[in-house]
Amino acid sequence: MDRRTFLLRSSILTTGYTIMNLAPAWAKPAPDGKPIPLYEIFKDPQSIHRPFVRWWWNGDKVEKDEIARELRLMKEAGIGGVEINPIKFPARTDDLGKPSIPWLSPEWVDLLDFTLKEAASLDITCDLIVGSGWPFGAEYLEGDERSQTVVIATHKLEGPDEYEVSLFDFFKEADPAVTSPFPGRLMEIMAVKLAPDPLHIIGEVKDFTDQIKGQTLRVHIPKGKWVLFGLVKVKGSMEVINGAPGANGPVLNHYNEGAVKKYLNHMSDTIQQQIGPLAGRIRSFFTDSMELEGANWCSDMEEEFKKRRGYELRPYLPFTMFKTGAMGNIYDFDYGTGLDRDLKDTIERVRYDFDRTKTELVAERFIKTFNDWCHENKVLSRVQAYGRGYHPLEGSLTIDLPECETWIKYGIGKEFSEADYHYGRAYSMINKYVSSAAHLKGKKHISCEELTNTDMVFNATLEILKSAGDQSAISGVTHPVFHGFNYSPPQAPFPGWIRYGCFINERNNWWPWFRRFTDYKARLSALLQQGTMFADIAVLPPVNDMWSVDGAQNEPFPSLMYPAWLPMVWEAIHQNGSACDYVSDQVILDAAIRNGRLVYGPRSYHTLMLVNVERMEPGTAEKLFQFVSAGGRVICVETIPNRSLGLADYPRRDAAVNDWVARMKAMPDRFIFVRKPDGNFLQWYRDIQQKYQLAPYVHIDKPTSFVSQVRYQAGDTEWLFIANSDLTDEHSITILPSKELGAGRQAWIWDAATGERYYVGDGAKPMTIDLATGDSRLVVFDKEKKGPAWDPLPGTAVTTFPVNGPWQVELHHLDGSVRTATMPTLTDLKDDPALAAFSGTVLYRVTVNADNGEFWKYINLGKVAGISGLSVNGKDAGIQWFGRRVYRIDNLLQSGQNILEIKVVTTMGNYMKTLKDNGIAQKWTNEKRQDQPIQSMGLLGPVKLY
């Protein structure tokens, strides 16, 4: 085994979780004492750095021969690892009569053993999801082991009146509209209370709980407006969403430590008693996002609340709640009674205390238990530690492989909306929390469920996949787990078994070129995992204020963002040449103050931005005072902290917060208040940079919301990853690295698409970065001085020659049919009724005349909707799958007539929409939210020679 292979294989996590504490590959001493060059790691990535895929075992209808075939197929496509993910068989799909193998049955465990052996023989890493579907559960869970939810039902009344209500009415009204209700759920009344509307003090509330007779309650309603509250507990509130046979049934109660241990040990014991230890055979146990849809209770919740918060929860509980629907999201804020201003403040404090208590219990009883179980089995933990019950940042602090998620959605590449943060962004709002938590703990491996796609199935181009992946990297991700690869036998009727995903499958038109994308992602991941993302600005989101006002949200897609403009702050910082991490109150409390900086673990910040923060602990305010007094800077955006958190002893604690704030206000050059902008956050932060001398590490002359960057450091080498998310327009920027970044170093372009590197020049000098649509650059600063010069193909020239028609066109349909046509001018196939439903490969042929020895050097194909290839006089000029479609052709042209053949590989969605008898095609392209628009296809041009 050569030195490089020996060294890099030592990072494949085969000896237990403590391997995560080792140095990156470039810094490890090899047997000959020489470190592996960083460029070598980048140029030829090992399999552990390659993209992984979520491998859906659809219905657990799996067989050994097909498992082996698919592993080899993925290996050839450049996939380095699989997450084995049993899941419910997709509806409206022909299962070929194949049986489901129940989860954890001896037959299933044998198939798992076979899979691990096959994967190991191919140098493919395996992760294993805990349970199946999400959140995990099982048929064998009983009683308090099942998830529990406490909700309210209200009846708005006007007296005087004698009102009779049945418990059935309360149960029917309160029954939460979860995505996957458990048929065996049980309901019980915890309390019935009558409150005036509006309510001024808790003492006005009348308790009728002890007056319930059988299944009904008769209540006298005094004169005026009143609200009758039913506080209802739902036991076994939901079942596993899309659970495979043997792993469906009621969801686990994540607040019940005994139930968590029982569930986890049942899984590991069942597997390992049959096939031996999993240590060294799987990298991690995986837990999907906490989509508990409002589950908030356990048998000792009230006892734990009183122990931790110092008062009884029950008198306040109904008034902390709103009417919730699917995913536990609030859809009626006025469902209960109106509250007096002072009582509203009290209820918000109790609401915070309740969410804090739930989060503490999940951290202690689920996260810690899960981590301990993984480590006892010498396996890493990989968790999407967010959703109600987790703190969005602190939930990931202790996870070995923290994970977030990036989605494929319509709108990517169109605009970066400030009116709706969802639009144009592939990364979810949780990514910045998760990557920041990893940075705070010094972790370099930041995982992402990437390319999650339920909106653009069959229509996601490789260019869209790249753009989404680049956005992931900007948000702090260093390794993708693609969503995903469906277990689907080749005998399955077209298009195969599809549970979710981007149709990463050999039946996809772009499959022969998919390896180009995975190579690009592998090189990028290999490099990013060797470095540390730089950030010297901290941002404190108002999580505590959100919990107080609206309650915890269902990240990564909360029903509301608090505030709606929060993501624009970190985006503007990066777009203007700086970088930041999110922090939390607890991180600030645990941080040290050194040389005017806020220091937590390996991170050091000179500036802290409080975004819409009004509430904090007195200890946090005191720490901020120490930071400002030592020379640090705090910028309060839109609000200044003015009160404490929680109910206990709040008057004294409010006064303490305001006292510390008053002391900071006496230092106005370092404790600063700014308003948020009405729009254009990019310019807003640029103005803050200039006014308060927040020097960026790279100055960008013409920043735009579409172009962003991150900076990494690894020993003496540093680099910028710069990405253009615009899929419509190109952007050219000139950057000037700061002295600390560029001085004494040389600048290089490392091309992640090819693995080549090119010399630019003195790292301290300005350089122009020309970014085509969906393009990106790795600008590396090191001591190397020799290499080929960076000489990118020009996109145009002063004089160009248009290539006009007529075009001879061959359309090779994926169904095997071929047709020909003549196009006088280039036309978007979607605009031709006869061609709008095409899917496959289009060949465009045209003849150009190079008389009198006048040869052109380049050809620009203009706009291409799909993958493009070019041949000149039968000689291949290459494939382009993203960005500018420019080819060098001077070595391929000849005097006189030249035949140009342009190949375009299209997407499949337009064709799938026409397959009215194909249930799978219709589900993903024509129904409900998947009713997809017709997509552009083919060569749109204009084609130019120059």
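A pocket here is an open set of points on a 1 Å grid over the protein atoms alone, with protein on both sides within 12 Å along at least five of seven lines, whereas a cavity is a set where a 1.4 Å probe fits but cannot get out; lining residues have an atom within 4 Å of a point. Grid points are joined across faces, edges and corners, and a volume is the space filled by probe spheres set on the points. The views below come from a predicted model, in which local features need pLDDT of at least 70 and side-chain atom pairs count only at pLDDT 80 or more, while totals for chains, interfaces and linings use all residues. Residues are numbered from 1 along each chain as its sequence is written, and side-chain values use heavy atoms, with hydrogens and water left out.

**View 1. The whole chain, to get our bearings.** The protein chain has 20 helices and 43 strands (DSSP runs numbered from the N terminus: helices are H or I with at least four residues, strands E with at least two). Its C-alpha atoms fill a box of roughly 100 × 70 × 60 Å along the principal axes. Of the 946 residues, 63% count as buried, meaning under 20% relative accessible area with a 1.4 Å probe, protein chains only. Among contacts with a separation of 6 or more, 79% join residues 24 or more positions apart (contact means heavy atoms within 4.5 Å).

**View 2. The second largest pocket.** This pocket holds about 990 Å³ of space. Of its 38 lining residues, Asp 751, Arg 777, Trp 790, Gln 880 and Phe 882 lie nearest the centre. Several elements each supply at least two lining residues, among them helix 11 (514-528), strand 28 (746-750), strand 31 (776-782) and strand 39 (875-880). By class, the lining has 22 nonpolar, six polar and ten charged residues (Ala, Val, Leu, Ile, Met, Phe, Trp, Tyr, Cys and Pro count as nonpolar, Asp, Glu, Lys and Arg as charged, and the others, Gly among them, as polar).

**View 3. The largest pocket.** Here we find about 1,300 Å³ of space. The lining takes in 50 residues, with Trp 134, Asn 242, Thr 454, Tyr 500 and Arg 929 nearest the centre. Two or more lining residues come from each of strand 1 (52-58), strand 2 (81-87), strand 12 (401-407), strand 13 (447-452) and helix 20 (919-925). Helix 20 gives the largest share, four residues. The classes divide into 17 nonpolar, 18 polar and 15 charged residues.

**View 4. The largest cavity.** A search of the whole structure finds eleven cavities of 30 Å³ or more, and the largest has a volume of about 400 Å³. Asn 296, Met 321, Thr 324, Lys 358 and Arg 388 are the closest to its centre among the 27 lining residues. Strand 4 (148-166) and helix 8 (341-376) are the elements that give two or more residues to this lining, and helix 8 provides the largest share, five residues. Eleven nonpolar, ten polar and six charged residues make up the lining.

**View 5. Thr 154 and its surroundings.** Thr 154 is found in strand 4. This threonine counts as buried because its relative accessibility is 9%. Beyond its neighbours within four places in sequence, Thr 154 is in contact with Glu 173, Val 227, Leu 228, Phe 229, Tyr 335 and Gly 336. Leu 228 is 74 residues away along the chain, yet the C-alpha atoms of Thr 154 and Leu 228 are separated by 5.5 Å.

Terms used: Buried means under 20% relative accessible area, exposed over 50%, partly exposed in between (1.4 Å probe, protein chains only).
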